[in-house]
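Let's take a friendly walk through a protein model, from its overall dimensions down to a few single residues. Have your viewer ready.

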Amino acid sequence: MILLVLPFVTPSQNQNAKWHWGKRHRFSQDCQREIRAALNGQGRWMTAPPTNKISVTITRHAPGVPLDDDNLRAGCKGLVDALVREQLLYDDSPAWCSFVYRQERSTRA
């Protein structure tokens, strides 16, 4: 089991769709850098397909009104892509992993 605590809130899909493609790319790169920092450079585990399906739970802590499920899932796309690029996941297809998306309300931004 790996627990990553990352110091940012993923955007909603509505917010992400309004971003310029360059800003979306930078966000995904920032996610990748934060993942690498959280792991202290000890990533790159999935170089071959896993034998069992991997379960990934993403919990978004944010103040305010919770996002609907579609906005939550789509807003985490950059984060999931960064997990694949850092080889914590072999691929993000349903054949290799299953995702559970949750959100919790926090008191600070």
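Predicted model: local features only at pLDDT ≥ 70, side-chain atom pairs only at ≥ 80, totals over all residues.

## Overall shape

Residues are numbered from 1 along each chain as its sequence is written, and side-chain values use heavy atoms, with hydrogens and water left out.

## Fold and surface

The protein has four helices and two strands, in the order α-α-β-α-α-β from the N terminus on. Helices (H or I, at least four residues) and strands (E, at least two) are DSSP runs, numbered from the N terminus. Of the contacts with a separation of 6 or more, 78% join residues 24 or more positions apart; contact here means heavy atoms within 4.5 Å.

Buried residues make up 32% of the 109 residues (buried is under 20% relative accessible area, exposed over 50%, partly exposed in between, with a 1.4 Å probe and protein chains only). The protein exposes about 7400 Å², and carbon and sulfur atoms supply 51% of it; these areas come from the Shrake-Rupley method with a 1.4 Å probe, and for residues only the protein chains shown count as cover.

## Helix 4 and the residue after it

Helix 4 (77-85) has Gly78, Leu79, Val80, Ala82 and Leu83 as its buried residues. They pack against helix 2 (21-38), strand 1 (54-62), helix 3 (69-75) and strand 2.

Just after helix 4 comes Gln87, with a positive phi of about 60°, although Gln87 is not a glycine. Gln87 sits in the loop between helix 4 and strand 2 (97-105) and is partly exposed, at a relative accessible area of 26%.

How many disulfides does a search of the whole structure find? It finds zero, a disulfide being a pair of cysteine sulfur atoms within 2.5 Å. The sulfur of Cys31 has its closest cysteine sulfur in Cys76, 8.9 Å away, so the two are too far apart for a bond. Cys31 is buried, with a relative accessible area of 0%, and Cys76 also counts as buried at 0%.
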